[in-house]
Amino acid sequence: MPVPWTNAEIELVAERAYELHLQGKHSDAAIIFEGLLAIDPRNVYCLQALAALSLKLGSLEDALEYADRALAFSPDCVEALACRCEVNVLLSRFAEAQQDLELMKHLRAGTHVARLDMRIASAENSSSNLLPDATSRELNR
């Protein structure tokens, strides 16, 4: 029977994955984090890292799944909330994004709140500018 990994060993490998992410090797980092999740499926850091990497790689549904899993284990995980909020904005799910934003406000996640508040407002504005009557107004100028 294999010997289980210690938390220190998992953290060491996670640090290497994070270094790969910083070098722009997002796919390689994701592979390592996925391997770490196979060892420790409840590792919130790995889950939120995979959520962020999936978002970076354009896999929005995967990002949402990883963020939801991280939040199931740690409802106050600001990084997972921020990622889920960002994904919901990209999917035009503004009500869900706003809920995450309100929770981050409650958790006093200032930097994330300011950035995502502007992101939601900008996306909603862009989305409303694409409505049929708005589009026809733009074409008739």
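Colleague: Buried, partly exposed or exposed: which is arginine 16?

Modeller: This is a predicted model: local features need pLDDT of at least 70, side-chain atom pairs count only at pLDDT 80 or more, and totals for chains, interfaces and linings use all residues. Residues are numbered from 1 along each chain as its sequence is written, and side-chain values use heavy atoms, leaving out hydrogens and water. Buried means under 20% relative accessible area, exposed means over 50%, and partly exposed lies in between (1.4 Å probe, protein chains only). Arginine 16 has a relative accessible area of 39%, so arginine 16 is partly exposed.

Colleague: How many residues apart are aspartate 100 and arginine 84?

Modeller: Helices here are DSSP runs (H or I, at least four residues), numbered from the N terminus. The side chains of aspartate 100 and arginine 84 form a salt bridge at 2.6 Å, N to O. Aspartate 100 sits in helix H6 and arginine 84 in helix H5 (residues 78-90), so the link joins distant parts of the chain, apart by 16 residues.

Colleague: Which type of aromatic pair do phenylalanine 33 and tyrosine 45 make?

Modeller: Rings of Phe, Tyr and Trp (its six-membered ring) pair if their centres lie within 6.5 Å; planes under 30 degrees apart are stacked, over 60 edge-to-face, and the rest tilted. The count comes to one aromatic pair. The ring centres of phenylalanine 33 and tyrosine 45 are 5.8 Å apart and the planes stand at 65 degrees, so the pair is edge-to-face.

Colleague: How far apart are the end C-alpha atoms of helix H6?

Modeller: The expected span of a helix is 1.5 Å times one less than its number of residues. Helix H6 (residues 94-106) has 13 residues and should span 18 Å. The distance between its end C-alpha atoms agrees: 18 Å.

Colleague: How wide an arc do the buried residues of H6 cover?

Modeller: The buried residues of H6 are Phe94, Ala97, Asp100, Leu101 and Met104. They lie on the same side of H6, because around the axis they cover an arc of only 120 degrees.

Conventions: Helices (H or I, at least four residues) and strands (E, at least two) are DSSP runs, numbered from the N terminus. The arc is that of the directions from the helix axis to the C-beta atoms. A salt bridge is a side-chain nitrogen of Lys or Arg within 4 Å of a carboxyl oxygen of Asp or Glu.
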